[in-house]
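Morning, everyone. I have one structure to show, and I will keep it short. Please have a look at it first.

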Amino acid sequence: MNERNNAVDRSLLVFAVWAAIGSIGLLLIIEGFQQDVYWIALTGIGCIISTFCAHIIVNAVYGTGFSTGETALGLTSFGVLVLVFVLSVLAGGASATDFYIGLTLFGTLIVGFLTYLLTRHGLRGAFSKFHVSVGHDVSVPNGKG
Amino acid sequence: MPAPSPVMWILLFGFVYIAVVLFWARQAATANGNYQSYFSAGHSLSPWVSALVLAGSSVSAWFTLGSADILARDGFVHGYLLQAGVLLALPGVLFFKRSWFIAQRYRVSSQAELFKLYYDSQALVVIVACVALLFAVGFAGMQLRAISQIASSVSGGSISAFTIGCALSLILLGYVVIGGMRAIGFLGVLQTVSLISATLVLSFLILVEAGLIGAINARMQALAADSVGAQAFEVSGVIQFVAGLGRGSFYDHPVSAVTNLSSAYALLGIGLSPFALKIVLSTRNTKAIAAGQTWVLAGFFGLLVLLPVGVIGAAGLGRAEFISHSYLAALAQSSPWLTAWVVLGFAAGMQVMAGLALLVAAETVVRHVYKPFFASAMSRRQTVTLTRIFVAVLAVVVVLMAFLAPVSTSALGAFALSASAQLLIPMLGLCWFGWMTRPAVLAGVGFGLFAAFVTDALGIGILGYLGLDVPWGRYPWTIHSAAWGLFFNILVCLLVSAISQNAARTEFRQHLRAFVSEALSGQGTAPLNSYAWAAGLAWGFLAVGPGLIFGNYAFVSDGGWSMDFPSLWVWAMLFWLLGVTLVWLLAYRMQMASHVDLDITSYEPPPTLRPDQSAAEARRLRSLIIFALAGAGLIILTVWSFGGAG
């Protein structure tokens with residue numbers, strides 16, 4: 001029951017953090033694109049980074065990492081945003097400010113993500129998250145290796 | 001690049017909101033086991049959830065948008081609104097901890113049950129049910145209509161307010177019916193943070209648009225230079241002995257210092273309401289009562305109302321384009337996403353209170369009135385099912401009342417606060433003063449409710465419609481109906497208590513009081529008590545009482561404002577700070593709300609036989625129907641004979 005309560009509390013906090021700050025960040029980025037003003041979008045990116053940090057703090061408080069669903073949602077959203085941005089640049093609908101906003105956003109997200117992996121898992125562990133070792137699927141004779 | 005239509009963004013955010021609501025409702029239903037812990041989440045809500053939801057439902061969209069509009073209309077004369085955080089926290093500090101302990105010991109989960117248990121009075125249960133219904137239909141309906149109208153104007157009228165109201169009610173109905181109290185707790189957190197964000201964003205946008213605080217202050221100073229405009233920055237005396245609103249004229253304006261004090265009593269009604277108690281009693285422990293009341297409600301929300309909401313109100317003073325709904329409608333043209341998101345935040349802020357009020361009203365009526373009187377054999381599953389049906393019925397009534405009878409809804413909503421404030425006396429008797437007897441409390445509440453009713457718009461309107469034209473208006477002598485009610489409530493309670501002391505000490509009540517004394521022994525220190533209570537009285541006198549008159553001129557020099565801000569606003573900031581200190585003193589230093597780690601064993605009542613009640617219940621139901629029909633006939637006859645002529 002206690003574990004279940006903790007899991008619910010953590011999810012609630014994560015939702016609350018994204019609802020309170022993350023959503024404002026997203027809106028400010030849209031506002032920045034719309035008004036073609038870099039600093040508005042930069043404030044939004046700041047909000048997104050703050051939310052990301054708050055999410056990590058919540059994870060630390062409850063002694064967990066990102067859940068599978070959160071990782072999937074995050075990566076999918078990132079992929080979709082990159083796709084939309086690239087398509088709009090290729091279609092010629094983006095101004096120079098829009099271009100810089102996009103670069104800042106995606107650059108920050110990638111650097112933030114890598115920093116998170118490095119600080120949580122270390123250099124070797126972070127690499128192992130992506131590197132699929134064939135040896136894991138090979139049975140080792142005599143229990144050695 | 002042209003901005004897309006606001007309607008698209010309203011729909012987009014609306015669908016995201018619905019998805020989130022359904023997700024958490026499902027989580028709650030799973031944890032509830034469908035009906036087992038539907039009413040009070042198995043008393044397992046996390047303390048921080050409880051603190052946040054309590055603050056969110058106490059403040060709700062009414063305090064943020066509503067207070068801003070009142071400030072923009074009348075100026076800074078409503079000191080009680082600026083002290084809302086502290087005032088809303090005070091009942092919690094006084095009553096929540098003790099109520100929680102009693103509820104845990106005797107395994108009850110609502111205010112109605114507490115009163116039934118302690119006073120053994122079904123009449124008090126019915127009164128609690130009526131108060132809960134007033135909040136659900138009146139207070140929530142009033143907010144529903146206001147938010148729906150704002151959303152409709154933001155959409156440029158392409159979605160009608162009624163449609164939006166129906167959609168919001170449907171969402172509300174969905175999660176209350178599916179997840180009960182647990183869903184209300186879970187979603188309450190998200191709704192509260194959305195309300196906070198929406199308020200901060202709106203305040204920031206208006207602040208920037210209005211030329212920052214310097215420009216707002218300069219405009220207010222220009223307004224204050226004019227004798228009529230100056231009325232917005234001065235409380236109109238201590239008291240005015242006039243017949244009341246709608247009857248004769250006032251000196252300057254009708255908001256006196258005593259109006260503030262008496263309205264502050266009405267605000268206490270929110271903390272004393274059945275829905276506030278419901279959250280507390282559904283919580284796992286008392287860990288967050290002190291922190292919730294001191295830092296979340298008095299501290300954070302107090303500051304939110306004082307500054308961001310104050311800024312929205314100040315900007316709108318004399319500048320109609322900065323009144324929240326006008327500003328949002330204009331903003332929708334340039335930033336539809338921001339506008340839609342802000343409106344959704346306020347809608348969520350309305351739902352945090354409305355959902356709770358709906359559940360508590362339905363539970364009280366079904367579980368504590370209908371079941372014991374007419375269907376005591378109902379199983380828990382049947383009770384939950386009937387409550388769900390009643391929630392649905394109430395949701396429909398709320399929408400219909402809000403849009404078909406807005407004046408009546410507003411009157412009901414306003415009276416909800418005054419009526420709930422009358423529960424102060426039963427709560428004092430339950431938690432603190434064992435000498436308050438059952439007949440005294442009952443008589444006090446009865447007289448109090450009557451006095452509040454006949455001095456409020458609702459009572460005056462109903463009596464006028466029935467042909468009884470009372471010689472006073474709303475809030476006679478500029479005193480709010482809540483204070484009139486409390487005056488008679490306390491007076492009658494004291495008198496009847498003095499002559500009915502033999503009824504005070506039943507065995508069960510002594511047992512309960514002994515438990516409270518034992519559980520909370522060593523709480524509070526005598527030398528501090530007198531200082532704390534003196535500080536409390538001084539704060540009440542100066543912050544919202546007659547001393548508020550000093551605030552008119554405290555920060556004025558050479559005909560101008562010595563700190564650039566209106567004197568009453570600075571006065572409010574000063575007393576907010578002192579108010580938070582006061583709440584902290586009471587909650588922590590006097591340990592009135594601080595956490596006590598205690599293993600509470602449930603009270604086992606002596607076993608009694610439960611005779612078959614079905615025949616008596618059927619008889620009661622028949623009597624109720626006959627009484628209702630006779631009452632309705634009598635009212636129709638009276639209206640036909642005397643009333644309705646205008």
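I will go through the aromatic rings, then the charges over rings, then the interface. Keep in mind that this is a predicted model.

Aromatic pairs first. How many are there over all chains? The count comes to 39. I picked two.

A:Phe52 and A:Phe66 are stacked. Their centres are 5.8 Å apart, with 15 degrees between the planes. The cut-off for stacked is under 30 degrees, so this pair qualifies. Where do the two residues sit? A:Phe52 is in helix H2, residues 38–61. A:Phe66 is in the loop between H2 and helix H3, which covers 68–90. So the pair ties together parts that are 14 residues apart in sequence.

B:Tyr106 and B:Phe515 have ring centres 6.4 Å apart. The planes stand at 85 degrees, so this one is edge-to-face. The pair links distant parts of the chain, 409 residues apart. B:Tyr106 belongs to helix H4, residues 84–106, and B:Phe515 to helix H20, residues 507–519.

A:Phe78, A:Phe85, A:Phe99, A:Tyr100 and A:Phe106 form one aromatic cluster.

Now charges over rings, both in chain B. B:Arg98 lies over the face of B:Trp432, 3.8 Å from the ring centre. We also meet B:Tyr106 again. The charged end of B:Arg105 sits over its ring, 5.8 Å from the centre.

Last, the interface of chain B and chain A. Contacts involve 27 residues of chain B and 20 residues of chain A. The buried area is about 2000 Å². Carbon and sulfur atoms give 69% of that. Which residues of chain B lose the most area to chain A? They are B:Trp24, B:Trp48 and B:Trp337, together 27% of what that side buries.

And the polar side? Salt bridges between the chains: zero. Polar contacts: six residue pairs.

Which helices of chain B supply at least two residues each to the side that touches chain A? Those are H1 (6–32), H2 (47–74), H7 (161–209) and H13 (336–374). The largest share comes from H1(B), with eight residues.

That's it from me.

Terms used. Residues numbered from 1 in each chain as written. Chains lettered and ligands numbered in written order. Predicted model: local features only at pLDDT ≥ 70, side-chain atom pairs only at ≥ 80, totals over all residues. Heavy atoms only, no water. Phe/Tyr/Trp six-rings, centres within 6.5 Å; stacked < 30°, edge-to-face > 60°. Helix = DSSP H or I, 4+ residues; strand = E, 2+ residues; numbered from the N terminus. Lys NZ or Arg CZ within 6 Å of the ring centre and 35° of its normal. Contact = heavy atoms within 4.5 Å. Buried area = accessible area lost by both parts, 1.4 Å probe. Salt bridge = Lys/Arg side-chain N within 4 Å of Asp/Glu carboxyl O. Polar contact = N/O pair within 3.5 Å; in protein donor to acceptor, adjacent residues only side chain to side chain.
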